[in-house]
Amino acid sequence: MTPKVSRFLRDAAPATPCLVVDVDRVEENYARLHAALPLARIYYAVKANPAAPILDRLVSLGSAFDAASWEEVQACLRSGAAPEAISFGNTVKKESAIKAAYEAGVRMFAFDSEPELLKLARSAPGAKVYCRILVGNVGAEWPLSKKFGCEVEMARDLMIQAAELGLDPYGISFHVGSQQTRTETYQAAIAKVGMLFTDLKNAGVTPRMINIGGGYPVRYRSEVPEIGEIGDAIMGAMVEAFGNNLPEMVIEPGRFIVGDAGVLSSEVVLVSRKEKDDPVRWVYLDIGRFGGLAETEGEAIKYAFRTPHDGLADGPVTIAGPTCDSTDTLYEKSNYRLPLALDCGDRIELLATGAYVTTYASQGFNGFAPLAEHYI
Ligand SMILES: *Cc1c(COP(=O)(O)O)cnc(C)c1O
């Protein structure tokens, strides 16, 4: 938690639950990532947190943006982003959304299938297009399955077809899964793109850009590799794959830019046991899965907690949200422990919650209002 956030929580004591984001920390994270990968153009993945104060700050820093919908494209434009600095990175787009973005000046689009490529040829003629390939997600705490991307053989054929359709066969992208903790997974994906570039050149198509996607991790409960180490591993793999003829590099960080800039402030609603001598206490908070903590699904992302009693004796807990849905249990199997002194009415903070929280909050399940947000 940054000093600015702890001061705000102490002095303003905002009603809970709420998310407090230190926008200066967003700027620091942008600078740290840029220092780790100076040759890469940063396209912030808007879905991680699309709040205007974040987009405004990133525009002022010269960031580009990865938008997944026409609505996200519009949010970037409202914050002053140039249309040339926006990539429409979802491989599944309504044709009306492609058309709207193209008319607004967006010229960079992702695809991973022939039908999508045909939509682009019709509604974004001449645009720069890049094909997303499937790559391994080993080491990702929030992996992506096969939902996006295609096999390299298909990518090769589609890139050739893109050129035939009058589109600009600009590059190749991948995404190694979110909260990626293994540098080797990036390296394997880059090697795969290197081979595909060679195949394409042999077929007469010369892509110019590699999009390394997102995945750069944030520290939650356990250590993750430093961003400098990840940057070095990526550059090592780039040189191995492309020699001194490096293509343009694009990265699409989401979590890394905003994750540790945010803190959720919550109230302990109840601490109870299921039988008198049960060592495990149930701790119910005023925020849960439906308040925005979607990434606790399967206990995938394990947030760190701060309580007023840290350092005192603790014991095992199950942590749950306030709604009447049984899936609104956050952590049951991940060996969480909280202080024995924790009591109803205590404030409790969930650290590094700036990414993938606010937009996941429900509209009012059980009558609870959507999550309040403060950008400071
Ligand atoms: C979500 C997403 C990202 C951002 O991922 P992070 O793990 O938050 O860095 C980047 N690129 C694409 C295509 C995405 O869908």
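Close-up 1. V239 counts as partly exposed because its relative accessibility is 45%, in a model that is predicted. The residue is placed in helix 9, which spans residues 227-242. Together with L39 and L246, V239 makes a nonpolar surface patch of about 250 Å².

Close-up 2. D286 is situated in the loop that runs between strand 13 (281-285) and strand 14 (305-306). Although buried, D286 has no salt bridge. The nearest side chain of opposite charge belongs to R347, and the distance to it is 7.9 Å; a salt bridge would need a side-chain nitrogen within 4 Å of a carboxyl oxygen, so R347 does not qualify as a partner. Apart from neighbours within four places in sequence, the residues in contact with D286 are T16, P17, S266, E267, V269 and P322.

**Close-up 3. The cis peptide bond between T16 and P17.** The peptide bond joining T16 to P17 is cis, with omega about -5°. P17 belongs to the loop between helix 1 (3-12) and strand 1 (18-21). Both T16 and P17 are among the residues in contact with D286.

Close-up 4. N335, a residue other than glycine, has a positive phi near 55°. Its position is in the loop between strand 16 (329-331) and strand 17 (337-339). N335 is classed as exposed because its relative accessible area is 69%. A352, likewise not a glycine, has a positive phi near 50°. This residue occurs in the loop between strand 18 (347-351) and strand 19 (372-375). A352 is classed as buried because its relative accessible area is 9%.

**Close-up 5. The salt bridge between R25 and E28 within helix 2.** The closest N and O atoms of R25 and E28 are 3.2 Å apart, in a salt bridge. Both residues lie in helix 2 (residues 23-36), separated by 3 residues, or about one turn of the helix. E28 counts as partly exposed because its relative accessibility is 41%.

Close-up 6. A salt bridge with an N to O distance of 3.0 Å brings together the side chains of K93 and E116. This pair links distant parts of the chain, 23 residues apart: K93 is in the loop between strand 4 (86-88) and helix 5 (95-103), and E116 is in helix 6 (residues 114-123). K93 is buried because its relative accessible area is 4%. E116 is buried as well, with a relative accessible area of 4%.

**Close-up 7. The salt bridge between E95 and R122.** In the salt bridge of E95 with R122, the closest N and O atoms are 2.9 Å apart. The pair connects distant parts of the chain, with E95 in helix 5 and R122 in helix 6, 27 residues apart. E95 is partly exposed because its relative accessibility is 23%, whereas R122 is exposed at 54%.

**Close-up 8. A network of salt bridges.** Salt bridges link K4, D22, D24, E27 and R57 in a network. The whole structure contains 18 salt bridges.

Definitions and conventions:
Residues numbered from 1 in each chain as written. Predicted model: local features only at pLDDT ≥ 70, side-chain atom pairs only at ≥ 80, totals over all residues. Heavy atoms only, no water. Helix = DSSP H or I, 4+ residues; strand = E, 2+ residues; numbered from the N terminus. Buried < 20%, exposed > 50% of the residue type's maximum accessible area, 1.4 Å probe, protein only. Lys, Arg positive; Asp, Glu negative; His and termini not counted. Contact = heavy atoms within 4.5 Å. Patch = residues over 30% accessible without salt bridge, like charges linked within 9 Å, V, L, I, M, F, W, Y side chains within 5 Å. Areas by Shrake-Rupley, 256 points an atom, 1.4 Å probe, with all protein chains shown as cover.
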